[in-house]
Amino acid sequence: MPHGLPEILSYGILFVFSLGLVFHWSRRAFRHPLPTEAFRGDVENGKTMFDKVQRLFHWSTTLAYILVVVTGVALYDPVAFEPITNALAIPLHGSFPSYVFWHIVGSAALAILIAIHIVWDVGKLKGFRLMWPVKADIREQIIRAKGLLSGSRDIPRTNKYDNFMKFFHLTLTIAFMALAATGIYQLLFAAWWTVPIELHFEVEPFWRPTIIHDLFGFTLIALVIGHTYFALLPVNRPILGAMVKGHLSPDEIKKRYKPEAFTKKVESERQEA
């Protein structure tokens, strides 16, 4: 849209981020990293990695996110989206209010799911401490970055949520908050899709919420692309399997995690029982 984020920036975010993933793949696809420390301890068979609520949240969020992205990109760049809508015989131009409606439906579903996720993980599972970045995560990230650049296979062991996952969730939170604030403002006070294209600038306030919305929207797309890439790496496929089955084998736990990441939880579960 003429009043939104310039395409060179929006698609540039995806391009630059993709280059980073290509570089990572070139360094790690055939040289899987290995922890430098031995695993000292024992892990019970069939250890739960993600419970049913977490797995349901993950896959429900995926569906809602796809709806938000599809309708959002169609609204942002309808010309680029025309080949798809034409092939499917789905109206696009003149149907923006319908796309906005489904964009809102998907966004509302995401908001509800995130609220459930926060209540469950923070309230029920007491997982806030596991997800909040600390100084040790920064040191770990530096070690991992040096290993990636040098080609070293040695990496430190991590907790259940490593530094990448912590900063990924933190950035997601910031992006969701910015998207929610700018999206609600547009809906209530700057509904550009209800006026002719030449009047878009007249309904857009000076602080340009549409540009901010587009910026964080494409940042979110880039983050999810990265999340999907890491999930599909051969070394991480057991974790992807755990997001379906819920369990991670003791051998996989011993390959990557710190002993206290699971053994402490086992002891607490025994005490509660």
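Which element of the chain has the highest mean pLDDT, and which has the lowest?

Tutor: Helix α9 has the highest mean pLDDT among the elements of the chain, at 93. Helix α12, residues 260–272, has the lowest, at 48. Keep in mind that this is a predicted model. Across the chain, the pLDDT averages 83. At least 70 is reached by 88% of the residues. Be careful with residues 264–273, where the pLDDT is below 50. Beyond near neighbours in sequence, that stretch has 5 contacts in the model. Where pLDDT is low, the predicted coordinates should not be read in detail.

Helix α9 covers residues 209–232 and packs against helix α7, residues 163–189. Their axes are 9 Å apart, and the packing angle is about 150 degrees. Angles over 145 degrees count as roughly antiparallel. Therefore α7 and α9 are roughly antiparallel to each other. The crossing of α7 past α9 is left-handed. What kinds of residue make up this contact of α7 with α9? There are 17 nonpolar and 8 polar residues, and no charged ones.

Now follow α7 to another partner. Helix α6, residues 135–150, also meets α7. The two axes come within 9 Å and cross at roughly 115 degrees. This crossing of α6 and α7 is left-handed. On the α6 side, the contact uses Asp137, Ile138, Glu140, Gln141 and Arg144. On the α7 side, Asn163, Phe164, Lys166 and Phe167 take part. By class, the contact of α6 with α7 has 3 nonpolar, 2 polar and 4 charged residues.

Next, look at the loop between α7 and α8. Tryptophan 192 sits there, while phenylalanine 96 belongs to helix α4, residues 96–124. Their ring centres are 6.2 Å apart and their planes stand at 80 degrees, so this aromatic pair is edge-to-face. The whole structure holds 9 aromatic pairs.

Another helix pair is worth a look. Helix α2, residues 52–76, and helix α10, residues 237–245, have axes that come within 8 Å. They cross at roughly 105 degrees. Angles of 65 to 115 degrees count as roughly perpendicular, and α2 and α10 are therefore roughly perpendicular to each other. From α2, the contact takes Gln54, Arg55, His58 and Trp59. From α10, it takes Leu240, Ala242, Met243, Val244 and Lys245. These divide into 5 nonpolar, 2 polar and 2 charged residues.

Finish with a loop. Proline 33 lies between α1 and β1. Isoleucine 155 is 122 residues away from proline 33 in sequence, but their C-alpha atoms are 6.2 Å apart. Leaving aside neighbours within four places in sequence, proline 33 contacts Arg28, Arg153 and Ile155.

Terms used. Residues are numbered from 1 along each chain as its sequence is written. This is a predicted model: local features need pLDDT of at least 70, side-chain atom pairs count only at pLDDT 80 or more; totals for chains, interfaces and linings use all residues. Side-chain values use heavy atoms; hydrogens and water are left out. Axes are lines fitted to C-alpha atoms, for helices over the stretch in contact, and angles run from 0 to 180 degrees between N-to-C directions. Helices (H or I, at least four residues) and strands (E, at least two) are DSSP runs, numbered from the N terminus. Angles under 35 degrees count as roughly parallel, over 145 as roughly antiparallel, 65 to 115 as roughly perpendicular and the rest as oblique. A crossing is left-handed if the near helix is turned anticlockwise from the far one by less than a right angle, and right-handed if clockwise. Ala, Val, Leu, Ile, Met, Phe, Trp, Tyr, Cys and Pro count as nonpolar, Asp, Glu, Lys and Arg as charged, and the others, Gly among them, as polar. pLDDT is the predictor's confidence in each residue, from 0 to 100. Contact means heavy atoms within 4.5 Å. Rings of Phe, Tyr and Trp (its six-membered ring) pair if their centres lie within 6.5 Å; planes under 30 degrees apart count as stacked, over 60 as edge-to-face and the rest as tilted.
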